[in-house]
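Me: I'm new to this structure and would like to learn how to read it. Could you walk me through it step by step?

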Amino acid sequence: MGDRERNKKRLLELLQAAGTGNAHCADCGAADPDWASYKLGVFICLNCCGVHRNFPDISKVKSVRLDFWDDSIVEVERHFMTRNGNLRVKAKFEARVPAFYYIPQANDCLVLKEQWIRAKYERREFMADGETISPPGNREGFLWKRGRNNSQFLRRRFVLLAREGLLKYYTKEEGKSPKAVISIKDLNATFQTEKIGHPHGLQITYRRDSHVRNLFVYHESGKEIVDWFNALRAARLQYLKMAFPALPESELVPFLTRNYLKQGFMEKTGPKQREPFKKRWFALDSHERRLLYYKNPLDAFEQGQVFLGNNEQGYEVYGDLPKGIRGNRWKAGLTIVTPERRFVLTCPNEKEQQEWLESLRGVLSSPWTPLSHLTASTESGHHSR
């Protein structure tokens, strides 16, 4: 066995060693990481490796399988990573991550991963011997916001009042009257970089009357937009603790912010099921048990929404169309049955159909939680066109 193969075998043994956590990326949790930071002593995935390369003074990386590891580096690596490994290094650099701070997962956008990695290793924000971390509290600054009736992004002043549970934004930099006052109770924030068309694109949603209002914003600085995101999460946690004092913090954290379970285009017909099928953008919010649909993905308001109860209440979804109904361009059908009516939809292909079926069935089969009842009061306000 040559040096290259022998050294690769040694590293693969470290990857698979029990009790080390090395089988998953130390930063985002992706399975089967192929890269190693031999300066930090962790195994990481390809995406996170790209971030590590940006600060070589802190992290130096090599591919476990593709790069050549000479004997001297491998012996140092084996000794160092045997003493460290992902779990031990995480315990050191993630000793005091605040409950509100969002820890990115493998499928999250790059800016979340980049700022998480920089906060851990470069700024060392979460180490046990670091400064005491306090909730972000109030925050004020400028974000670029997409216009409601056009695609132009304009600079707007945002003010977060955490104790009052309010987010305000102003159209004039020194204006005294806010354009909108948003309750933290009804707020969600989710990174939608592809949809917005910017690597730091953030979608903020809140309820206005019986509708869902969407704000699309970004900031040139990745750190600034992620700090805003976590400040909103901190304010949400503060609100939920007051609203649900009996629930432990661990049960509240999943409800601070959420991503859509699934998004994409489908075509829908009307309530009589004789209307022409029209292409619409759909977004499934599993926490609020709502399927929202829009004419365009970046619309400020939805055209309609479908409340999704559970199977015991008579809600069902089927992977076909009612007899005698045919779609327009797309033939892979879905039928959502609610106590009020049937919603008949078609998907671009069978793969999309199966993904929508799986996602919708997951919501309909899930039990109600105390936090589900937070949004149930608005069920009667759902509408559709």
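This is a predicted model: local features need pLDDT of at least 70, side-chain atom pairs count only at pLDDT 80 or more; totals for chains, interfaces and linings use all residues.

Me: How much of the protein is buried?

Reply: Of its 385 residues, 50% are buried. The accessible surface is about 18,800 Å², and carbon and sulfur atoms account for 49% of that.

Me: Which residues have the most contacts inside the largest nonpolar core?

Reply: First the general idea: in soluble globular proteins, nonpolar side chains tend to be buried together. In this case the largest nonpolar core has 60 residues, and those with the most contacts inside it are Ile44, Tyr121, Leu167, Phe191 and Ile204. Helix H7 (residues 222–243) gives the most to this core, with eleven residues. Domain 1 (1–122) and domain 2 (138–253) both contribute residues, so the core lies between them. Apart from it lies another core of 21 residues, including Trp356 and Val363.

Me: What about disulfides: how many are counted?

Reply: A disulfide is a covalent bond between the sulfur atoms of two cysteines. Here the count is zero. For Cys28, the nearest cysteine sulfur is that of Cys45, 3.7 Å away.

Me: Are Cys28 and Cys45 buried or exposed?

Reply: Cys28 is buried, with a relative accessible area of 3%. Cys45 is buried too, at 9%.

Terms used
Residues are numbered from 1 along each chain as its sequence is written. Side-chain values use heavy atoms; hydrogens and water are left out. Buried means under 20% relative accessible area, exposed over 50%, partly exposed in between (1.4 Å probe, protein chains only). Accessible areas come from the Shrake-Rupley method with a 1.4 Å probe; for residues, only the protein chains shown count as cover. A nonpolar core is a set of buried Ala, Val, Leu, Ile, Met, Phe, Trp, Tyr and Cys residues joined through side-chain atoms within 4.5 Å. Helices (H or I, at least four residues) and strands (E, at least two) are DSSP runs, numbered from the N terminus. Domain bounds come from an automatic or database domain assignment. A disulfide is a pair of cysteine sulfur atoms within 2.5 Å.
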